[in-house]
Amino acid sequence: MNIFENYLLKINEIVIKNKKSLKLLNTEHLEDVSLEVPPVHFNFDLSTNISLVLSKVNKLNPKDLAKEIKKLLLSNIDHIENIEIAGPGFLNIKLSNKGLALNINNIFKNKKTYGSTRSSKRYNVEFVSANPTGPMHIGHCRGAIFGDVLSNLLLFNGNKVDKEYYINDYGNQIRNFVESVYLRIREIKFKEKFKNEEHLYPGNYIKEIALKIIKNQKKINIENFEGSFEELKKLSLKESMNLIKDDLKNLGIEHDNFISETELVKKDLVNKAIQFLQSKNFVEEGFLDRPKGESVKDWKKVKRLIFKSSTFGDDTDRALQKNDGSWTYFANDVAYHLNKINRNYNNLINILGADHTGYIKRITSAVTALSEKKVKLNCKVCQLVKLYKKGKPFKMSKRAGDFISVQDLLNEVDKDSIRFMMLSRSNDVELDFDFEKVKEKTKDNPVFYVQYAYARINSITRNINKELNESIFADPETFDPNIYEIKIIRKIFEWPKIIESAAQKFEPHKIPFYLYELSTLFHSYWSRGNEDDKFKFIENGKIKRKETLVFIYLTSIVIKNGMKILGVSLPEKM
């Protein structure tokens, strides 16, 4: 439990125990009572809306109720120094130095899990799932990091999480990819000119895949494309997935599961999924209206199986079959999500690219139907990344074909900077990635500023012959933090709130924001010591005040936990 949970529990207990004297006939709405971080200008540690919530349902004056609750809290909780009634009836609470010390010592006792909300759900987080037709490009990068960090966040909270990659290895795109490899092999072996056709993949990586196949498969049959397709598909996809896995590894990402679309089709899971939906009367045979934007000339009205997704909140019903009667991509996706449900996941998260926004309603409807409303699917869309250099749009070389590869990006910027900066804005807005900024060693580079705070902490502990893994505690009887330390302590108390909000809303970008703000407070205090000897950390090789050592250790705990979730390294020297 954290400081907010502990005190909220105490406050609620005291109010329930004294409900008669408080004239409360109804205390059923205590779940709406919150304990939050008050605005900085109030100079308090905690703020609760309890008098506002209970006065409304009991038809009492909120300020009058606040006065009575204030008296009860001051007389029943030892380490509250002061309570102020603010606005329409908020109670702002200031803890005594003893109260601060006791809460700080609880953090030291649970430093590795500090901030965790300790949940126990089971999640399947599917992310990247790029077509296995070559190495990853920058369009996949943001979603890959978002999915990985969100998974780390859920794991930090005690959940069971499987990171999953769905291999779209079925359909025309794969056939075109394999044909491209086939033609490159013939080009290398027989000097045949590679066809310059629109459906083929021209990138240099296709040549690399072809060369690897030639090297490892001396007896491969390439007399004709159809005859060699199945074997060549298997070999080409293996090499392509190796490229993707290498890219992911270089970004610090490893998936737990790789699920093949082809294998699901082979297991007849599409038919099984459709049959299940039919048994529930969620599929019918009929006609769809012509899609918007498609010409009358190109549109053919064909009777087909249709999923009644509008029943579950979608804008329209969705086709499960193409004009020729074969399954649509959506039908295969329905089968894949049935596979997830059959693996007993009760929480599904899909991380999608910017071009998949319109796909959310239909697949959410399918999961609702397939699970009979028992499984929840959340889809998070990662918007585009725009590259900048010296304040101007930057076009990188496209060595791998008609895209900028992840490896191109890694050649320019290190993994830590990419991971941190890809989370510097909410996933649902476009991100500007400035190459110059992420290389600066200044406050304007957030990842450097956080790493530098941790390196500076290590420098301090080295200078006083201390180790950050040593046990430390705040003495409740003598603890007396200064104004700078109070600000930092309050920020550290806020950490569990950040984790809770980020996890509940699936918004991991809140973590780098918070870490930057905490690091800014730390660096500001350090700089103040250079201006005023009263605030110096070290004097004659020794720490001047034990309170300073306490806050240094606290800061290191939170930065370490936060950066571990982000998958960003913490150098001890910079």
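## Lys70 and helix α3

The side chain of Lys70 comes within 3.0 Å of the backbone oxygen of Ile83. This is read from a predicted model. Lys70 belongs to helix α3, which covers residues 62-76. Beyond its neighbours within four places in sequence, Lys70 is in contact with Ile83, Ile85 and Leu91. Its C-alpha atom is separated by 8.1 Å from that of Glu84, a residue 14 positions away along the chain.

Is Lys70 buried, partly exposed or exposed? Its relative accessibility is 25%, and buried requires under 20% whereas exposed requires over 50%, so Lys70 counts as partly exposed.

## The chain as a whole

The protein chain has 574 residues, of which 53% count as buried. Its secondary structure comes to 18 helices and 17 strands. Taken along the principal axes, the C-alpha atoms fill a box of roughly 85 × 65 × 40 Å.

Among contacts with a separation of 6 or more, 72% are between residues 24 or more positions apart.

In soluble globular proteins, nonpolar side chains tend to be buried together. In this model the largest nonpolar core has 121 residues, and Leu73, Ile418 and Phe433 have the most contacts inside it. Which helix gives the most to this core? It is helix α18, residues 546-566, with 12 residues. Apart from this core lies another of 33 residues, including Tyr166, Ile341, Ala366 and Leu370.

With neighbours within four places in sequence left aside, the residues in contact with Leu73 are Ile11, Ile14, Ile80, Ile83, Leu91 and Ile93. Two of these residues, Ile83 and Leu91, are also in contact with Lys70.

## The second largest pocket

The second largest pocket has a volume of about 590 Å³. It is lined by 21 residues, and the closest to its centre are Lys112, Tyr454, Ser556, Lys560 and Asn561. By type, the lining divides into 7 nonpolar, 6 polar and 8 charged residues.

Which helices each supply at least two residues of the lining? They are α5 (138-156), α15 (446-463) and α18. Helix α18 provides the largest share, 7 residues.

## Two loop residues

Ser424 is found in the loop between α14 (415-421) and β15 (431-434). A polar atom of the Ser424 side chain lies 2.7 Å from the backbone oxygen of Met421.

Asp315 is placed in the loop between β9 (304-307) and β10 (318-319). Because its relative accessibility is 60%, Asp315 counts as exposed. The side chain of Asp315 makes a polar contact with another side chain, that of Lys361, at 2.9 Å. Asp315 and Gly358 are 43 residues apart in sequence, with 9.9 Å between their C-alpha atoms.

Key:
Residues are numbered from 1 along each chain as its sequence is written. This is a predicted model: local features need pLDDT of at least 70, side-chain atom pairs count only at pLDDT 80 or more; totals for chains, interfaces and linings use all residues. Side-chain values use heavy atoms; hydrogens and water are left out. A nonpolar core is a set of buried Ala, Val, Leu, Ile, Met, Phe, Trp, Tyr and Cys residues joined through side-chain atoms within 4.5 Å. Buried means under 20% relative accessible area, exposed over 50%, partly exposed in between (1.4 Å probe, protein chains only). Helices (H or I, at least four residues) and strands (E, at least two) are DSSP runs, numbered from the N terminus. Contact means heavy atoms within 4.5 Å. A polar contact is a pair of N or O atoms within 3.5 Å; within protein, one must be able to donate a hydrogen and the other to accept it, and residues adjacent in sequence count only if both atoms are side-chain atoms. On a 1 Å grid over the protein atoms alone, a cavity is a set of points where a 1.4 Å probe fits but cannot get out, and a pocket is an open set with protein on both sides within 12 Å along at least five of seven lines; lining residues have an atom within 4 Å of a point. Grid points are joined across faces, edges and corners, and a volume is the space filled by probe spheres set on the points. Ala, Val, Leu, Ile, Met, Phe, Trp, Tyr, Cys and Pro count as nonpolar, Asp, Glu, Lys and Arg as charged, and the others, Gly among them, as polar.
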